[in-house]
Every structure is written in C-alpha cells, then in structure tokens.
Amino acid sequence: MYHEKQYSNQHKFFMPFVADNMSYKEHFHTDFEMLYVIEGSIRATVNQVAYDMSEGEFALILPNQNHQYKTTKHSRCFVCIFSGDMIDAFSNITEKNVPANPIFTVDDMSIFHELSTSEEHDMRTLRSHLFY
C-alpha cells in the first residue's frame, strides 16, 4: 500500500475524470474520492472489506481510508477526487460520522451520466452536485 501524495494537502483540489476498466492498487490519500459505476462492474475494497459494485452504484472514500479497485471484465466509472475544503460542511460531518458501508445507490444519478459524457467539467456545476 502506498500514500498517494500528489493529491494530498492541495488547497481547493478537484479532479473529475472517467476511467475505463479501472484497476488500481491499494493506496490512501488525504482527499475524498467518489466513484460512480456508469457501466459494467468493479470491485472496490475499502479498509480491507471488498464490495462488488455494479451500474448505478457509487462509493464514497473518506480521507485516509485504504482503498483499491479491480475490474475483471468491463467497467466505466466516473471518478472525482477532491479536497475537504471544497465542501467544508460535509467534510466536518464525515470527521465524526463514518458510514458503515461506503457504497450507495441513489434513485436519480443522471447527473453522473451527464458529467461522464461531457468534454468539459465546470467546477461550479460539479461542486453543486456534491451537495445535492
């Protein structure tokens, strides 16, 4: 496992991207990470617990949580890594309340389909959806 330092401790850091067939070794960083499965399936391991994710599910990785991803067949995922100072109120809540399960399903995730097909990612739009 390694500490992914290139993102850590950057002020107002925000990096959205789409990844196909993502597999990434175990690591941690001081930022939040959100992964939404657009197509296919992926195994996300968070703090040594494996979760098989499929289309329409997303994972929220909190700062300093060990995590890794593995695609066995096919996956297309929207990933967003961002610093806690991008969403201060939410960051403060998660310092004291860690969800038992980092995998979520939300009824309307159309914004992630929209964002994953967009060539440009407007920071204000992306940030507003993190509060949604």
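Me: What does S75 touch, not counting residues up to four places away in sequence?
Reply: A19, D20, N21, M22, E39, G40, S41 and I42. Contact means heavy atoms within 4.5 Å. This is a predicted model: local features need pLDDT of at least 70, side-chain atom pairs count only at pLDDT 80 or more, and totals for chains, interfaces and linings use all residues. Residues are numbered from 1 along each chain as its sequence is written, and side-chain values use heavy atoms, with hydrogens and water left out.

Me: What makes the S75 and T71 side chains a polar contact?
Reply: Their side chains pair at 2.7 Å. The term needs a pair of N or O atoms within 3.5 Å; within protein, one must be able to donate a hydrogen and the other to accept it, and residues adjacent in sequence count only if both atoms are side-chain atoms. The S75–T71 pair is listed as such a contact.

Me: Which strand holds S75?
Reply: β8, residues 75–82. Strands (E, at least two residues) and helices (H or I, at least four) are DSSP runs, numbered from the N terminus.

Me: How is G40 placed relative to S75?
Reply: They are 35 residues apart along the chain, yet their C-alpha atoms are separated by 4.4 Å. G40 lies in strand β4. Beyond four places in sequence, G40 contacts M53, S54, E55, H74 and S75.

Me: Why is G40 classed as it is, and T45 as it is?
Reply: G40 has a relative accessible area of 29%, so it is partly exposed. T45, also in β4, is at 15% and therefore buried. Leaving aside neighbours within four places, T45 meets A50, N66, H67 and Q68.

Me: What makes a set of residues a nonpolar core?
Reply: The members are buried Ala, Val, Leu, Ile, Met, Phe, Trp, Tyr and Cys residues, joined through side-chain atoms within 4.5 Å. The largest one here has 17 residues; M22, L35, I42, M53 and Y69 touch the most other members. β4 (32–46), β5 (49–54), β6 (57–61) and β8 each supply at least two. β4 gives the most, five. A second, separate core of twelve residues includes F14, F32, Y36 and I38.

Me: Which residues does Y69 contact, leaving aside neighbours within four places in sequence?
Reply: M22, S23, Y24, E33, L35, I42, R43, A44 and I61.

Terms used. Buried < 20%, exposed > 50% of the residue type's maximum accessible area, 1.4 Å probe, protein only.
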